[in-house]
Amino acid sequence: MPLSSSTSRTSSGYEVRRLHLDPTPQMEALARAAGDLYTRTVVSFWRTVRKQAVWLKPSSMMRWHTSGQLHAHSADAVVQSFYAALKSWRKRRKMDPHAKPPHHRRRYYRVQWKSSAIRVQNGCLVLSNGRGNAPLIVPWSWDRPVLVELGWTGATYELRCVYQREDSVSPPLGDGVAGVDLGEVHLAVVHDGQHTTIFNGHALRAKRQYQNKIQATLAAKQSRLKKGSRRWRKLQRSKRKQLRQLDHQIRDLLHKQTTALVSTLHASRVQTVVIGDVRDLRQRVDYGSAANQRIHQMVTGRVRWLITYKAERRGMRGVLQDEAYTSQECPRCLHRHKPQGRDYRCPACGFCFHRDGVGAINIRRKYLGLGPVVGVMASPTGVRWHPHQRARVAR
Ligand SMILES: [Zn+2]
């Protein structure tokens with residue numbers, strides 16, 4: 001049973017509820033497991049520095065050291081806290097030459113539960129631990145916290161429960177709905193009601209074309225050889241290697257572009273991401289073999305998945321919207337017309353906009369069930385892929 005409870009507010013938009021708990025063997029065991037993991041992290045980190053002159057990344061360390069007793073995310077938190085200490089030492093070192101890096105072993109260490117391991121059930125706070133280990137259960141009469149930490153005060157255990165303060169959640173701009181049109185010329189075009197952003201697909205197309213070219217030239221060379229001969233096998237190996245390399249480049253490009261896209265959505269506080277659905281494109285019409293190859297290769301399925309999971313990781317919702325005629329309909333007067341050239345020009349009302357932006361505007365409009373869109377639209381902004389584009393980690 002909790003001995004006492006108090007709450008305090010921090011400046012960063014969080015509220016902390018503190019509960020003092022009588023020690024139990026279970027808390028003892030969890031703190032020991034965290035201490036053991038922390039110690040293994042410290043020891044292996046410095047050993048790798050000493051013996052191999054390598055500073056291991058947090059991700060490698062998390063894969064290397066895990067704990068059976070702790071929830072997987074709680075184990076990650078222990079490793080992360082070592083790296084946080086390391087980071088603060090590197091910063092402090094600039095001012096203080098005597099600053100010491102974190103190197104102490106710990107018998108006990110604080111245990112953190114992240115949101116995925118926290119439940120409130122039948123008047124109890126249930127904190128999940130590693131598979132096969134009983135959860136830590138505390139009588140509870142409050143809301144579900146976003147983060148819980150179990151620490152030692154010197155006499156009792158203290159449960160620190162972190163809440164996000166209501167007023168720190170930013171309200172959405174507009175209605176918080178963005179339309180996403182996935183395509184071939186452009187990887188994706190986003191419209192959030194005010195702004196249109198185009199993610200250029202030129203680099204991807206070039207790599208795709210190169211892939212086809214390698215495929216074709218090497219197949220032609222191989223066709224003149226006996227299948228399975230030494231020369232034939234050599235060509236086969238070379239083909240596989242080149243194709244694999246290109247595959248890796250394409251994967252890198254898709255990840256960076258979709259991360260940039262989701263960051264854009266997040267920055268404009270979008271809550272619902274509406275993605276145009278083209279899944280039955282192949283079955284519907286036969287476009288002839290050249291177009292079929294392009295459409296078949298369209299990575300829209302992969303892009304759709306990447307955008308959806310990255311958006312959901314940041315708390316947004318992903319929905320699909322049938323995109324029939326969205327590239328042809330005039331957003332202002334709903335007249336249908338097949339655009340020619342770069343710009344969409346409506347012959348009925350004179351509306352003119354970048355051709356690829358029209359699809360995203362219409363997808364969003366259809367999802368919201370809106371009629372014609374009125375008002376002046378800002379010109380779209382373009383985002384080109386470049387190899388050193390940062391793949392920012394979503395937090
Ligand atoms: Zn029109």
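A crossing is left-handed if the near helix is turned anticlockwise from the far one by less than a right angle, and right-handed if clockwise. I wrote that down before looking at any helices.

This is a predicted model, where local features need pLDDT of at least 70, side-chain atom pairs count only at pLDDT 80 or more, and totals for chains, interfaces and linings use all residues. Residues are numbered from 1 along each chain as its sequence is written, and side-chain values use heavy atoms, with hydrogens and water left out.

**Helix pair.** I looked up α5 (residues 230-267) and α8 (residues 300-313), which pack at about 45 degrees with axes 9 Å apart. Axes here are lines fitted to C-alpha atoms, for helices over the stretch in contact, and angles run from 0 to 180 degrees between N-to-C directions. I noted α5 as passing α8 in a right-handed crossing. On the α5 side I found contacts (heavy atoms within 4.5 Å) from residues including R251, L254 and H255, and on the α8 side from residues including R302, V303 and L306.

**Zinc.** Next I checked the zinc ion: C330, C333, C346 and C349 coordinate the ion through SG at 2.2 to 2.3 Å. Donors are N, O and S atoms within 2.8 Å of the metal (3.2 Å for Na, K and Ca), and water is not among the atoms, so sites may look incomplete. I read the donor spacing as C-x2-C-x12-C-x2-C.

**Accessibility.** I have C333 as partly exposed because its relative accessibility is 32%, with buried meaning under 20%, exposed over 50% and partly exposed in between (1.4 Å probe, protein chains only). C349, at 31%, is partly exposed. I got 61% for S141, so S141 is exposed.

Methods:
Helices (H or I, at least four residues) and strands (E, at least two) are DSSP runs, numbered from the N terminus.
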